[in-house]
Amino acid sequence: MSSDRVVRLHMSTEIEPMYVDCGEHGKRVAAVVCCHLLKPEGVPVGFIENSSEPNDLQAWCSKCEALFDEEDGMTEKFRAFNKMSVVCVNCYATSADYHSVEAQ
């Protein structure tokens, strides 16, 4: 099998990006974050990415990570605390820069 064929097969299985119309950035690739990451202000709360797919960006804060581990998954208690929100990829990157522990 040629390497060109392998690349085509890999590309065909990737997740197609979803888009969101951000009031600040316009139409952009969508991402999902917990409610604690929505604003880049206050004390940084940690930024834990939950997907390695470039078109499936997901992250939550350190407290959400701890509750996820405590609950052993996405329980109703976890979902109520997390309050997942859709943001654009630019807002996601701003949140990552601000809330990442490594950046501090």
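Predicted model: local features only at pLDDT ≥ 70, side-chain atom pairs only at ≥ 80, totals over all residues.
In which loop is lysine 83 found?

Figure 1. Lysine 83 is found in the loop between H3 and strand S5 (85-88). Its phi is near 45 degrees, a positive value in a residue other than glycine. Most residues other than glycine have a negative phi. Lysine 83 counts as exposed because its relative accessibility is 53%, and the cut-off for exposed is over 50%.

**Figure 2. Aspartate 72 in the loop between H2 and helix H3 (76-82).** Aspartate 72 is not a glycine, yet its phi is positive, at about 60 degrees. Is the residue buried or exposed? Aspartate 72 counts as exposed, because its relative accessibility is 72%.

**Figure 3. The protein chain as a whole, for orientation.** The protein chain holds four helices and five strands. Read from the N terminus on, the elements follow the order α-β-β-β-β-α-α-β-α. The chain has 104 residues, and buried residues make up 26% of them. Of the contacts with a separation of 6 or more, 57% are between residues 24 or more positions apart.

**Figure 4. Strand S4 and its pairing with S2 and S3.** S2 and S4 run parallel and are joined by three bridges. Within this pair, alanine 31 has leucine 57 in S4 as its bridge partner. Strand S3 (residues 48-49) is joined to S4 by two bridges, and these two strands run antiparallel. Here the bridge partner of glutamate 49 is alanine 59 in S4.

**Figure 5. The largest nonpolar core.** This core has 15 residues, and those with the most contacts inside it are Cys34, Leu37, Phe47, Cys64 and Tyr92. At least two residues each come from strand S2 (26-33), strand S4 (57-60), helix H2 (62-71) and helix H4 (89-99). Which of these elements gives the most to the core? S4 does, with three residues. In soluble globular proteins, nonpolar side chains tend to be buried together.

**Figure 6. Leucine 37 and its contacts.** Leucine 37 is among the residues with the most contacts inside the largest nonpolar core. Apart from neighbours within four places in sequence, leucine 37 is in contact with Val45, Gly46, Phe47, Ala59, Trp60, Cys61, Ser95 and His99.

**Figure 7. Tyrosine 92 in helix H4.** Tyrosine 92 counts as buried because its relative accessibility is 4%, and the cut-off for buried is under 20%. Not counting residues up to four places away in sequence, tyrosine 92 touches Ala31, Val32, Val33, Phe47, Glu49, Leu57, Gln58, Ala59 and Val87. Tyrosine 92 and glutamine 58 are 34 residues apart along the chain, and their C-alpha atoms are separated by 8.7 Å.

**Figure 8. The largest pocket and its lining.** About 160 Å³ of space lies in this pocket. The lining consists of Ile15, Glu16, Met18, Tyr19, Ala30, Ala31, Val32, Asn55, Asp56, Leu57, Gln58 and Val86. S2 and S4 are the elements that give two or more residues to the lining, and S2 gives the most, with three. How many lining residues are nonpolar, polar and charged? Eight are nonpolar, two are polar and two are charged. Alanine 31 and leucine 57, both in the lining, are also bridge partners.

Terms used
Residues numbered from 1 in each chain as written. Heavy atoms only, no water. Core = buried A, V, L, I, M, F, W, Y, C linked by side-chain atoms within 4.5 Å. Buried < 20%, exposed > 50% of the residue type's maximum accessible area, 1.4 Å probe, protein only. Contact = heavy atoms within 4.5 Å. 1 Å grid on protein atoms, 1.4 Å probe; cavity = no way out; pocket = protein on both sides within 12 Å on 5 of 7 lines; lining within 4 Å. Points joined across faces, edges and corners; volume = space filled by probe spheres on them. Nonpolar A, V, L, I, M, F, W, Y, C, P; charged D, E, K, R; others polar. Pairing = 2+ DSSP bridges.
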